[in-house]
Amino acid sequence: MQIEEQLIAEFKPFINRGNLDGLIYIWNEYYSETEYERQVAWDYVFQKIYLHAALKKQKGICTWLDGVFLQFNEMTQIALRQMFPYARHLLNK
């Protein structure tokens, strides 16, 4: 399993339980970690957990992730912004 898939698997239980504080803690721990075998595709991880949170109707988590989105560089934001209409659809479905 690739590191991104492992990270996503770590984040999903927090999203499933609606545990925002736990998610924030674990995100900050992993995001600040520098000892990975290779560079982590955080944009991919972000996209997967954002859509998972939207699917699980976790509006508070999505709101926090909106703030995380603003921390990405402009190029990454441009690449990720296409996901937001679909995520909003999932939240309101």
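In this predicted model, twelve aromatic pairs are counted among rings whose centres lie within 6.5 Å. One of these is formed by Phe46 and Phe72, whose ring centres are 5.3 Å apart and whose planes meet at 75 degrees; because this angle is over 60 degrees, the pair is classed as edge-to-face. Phe46 belongs to helix H3, whereas Phe72 lies in the loop between H4 and helix H5 (74-80), so the pair ties together parts that are 26 residues apart in sequence. Both residues, Phe46 and Phe72, are buried.

An edge-to-face arrangement is also found for Tyr50 and Phe84, with 5.1 Å from centre to centre and 80 degrees between the planes. Tyr50 is located in helix H3 and Phe84 in helix H6 (residues 83-92), so this pair ties together parts that are 34 residues apart in sequence. Tyr50 has a relative accessible area of 0% and is therefore buried. Phe84, with a relative accessible area of 13%, is likewise buried, because this value is under 20%.

Aromatic residues also come together in a cluster, which is made up of Phe11, Trp27, Tyr30, Tyr31, Tyr36, Trp42 and Trp64.

The axes of H2 (residues 20-32) and H4 are 10 Å apart and form an angle of about 30 degrees. Since angles under 35 degrees count as roughly parallel, H2 and H4 are therefore assigned to that class. The crossing of H2 past H4 is right-handed.

Most residues other than glycine have a negative phi. Lys57, in contrast, has a positive phi, near 60 degrees, although the residue is not glycine. Lys57 is situated in the loop that links helix H3 (42-55) to helix H4 (59-69). The relative accessibility of Lys57 is 39%, so this residue counts as partly exposed, a class that lies between the cut-offs of 20% and 50%.

Notes. Residues are numbered from 1 along each chain as its sequence is written. This is a predicted model: local features need pLDDT of at least 70, side-chain atom pairs count only at pLDDT 80 or more; totals for chains, interfaces and linings use all residues. Side-chain values use heavy atoms; hydrogens and water are left out. Helices (H or I, at least four residues) and strands (E, at least two) are DSSP runs, numbered from the N terminus. Buried means under 20% relative accessible area, exposed over 50%, partly exposed in between (1.4 Å probe, protein chains only). Rings of Phe, Tyr and Trp (its six-membered ring) pair if their centres lie within 6.5 Å; planes under 30 degrees apart count as stacked, over 60 as edge-to-face and the rest as tilted. Axes are lines fitted to C-alpha atoms, for helices over the stretch in contact, and angles run from 0 to 180 degrees between N-to-C directions. Angles under 35 degrees count as roughly parallel, over 145 as roughly antiparallel, 65 to 115 as roughly perpendicular and the rest as oblique. A crossing is left-handed if the near helix is turned anticlockwise from the far one by less than a right angle, and right-handed if clockwise.
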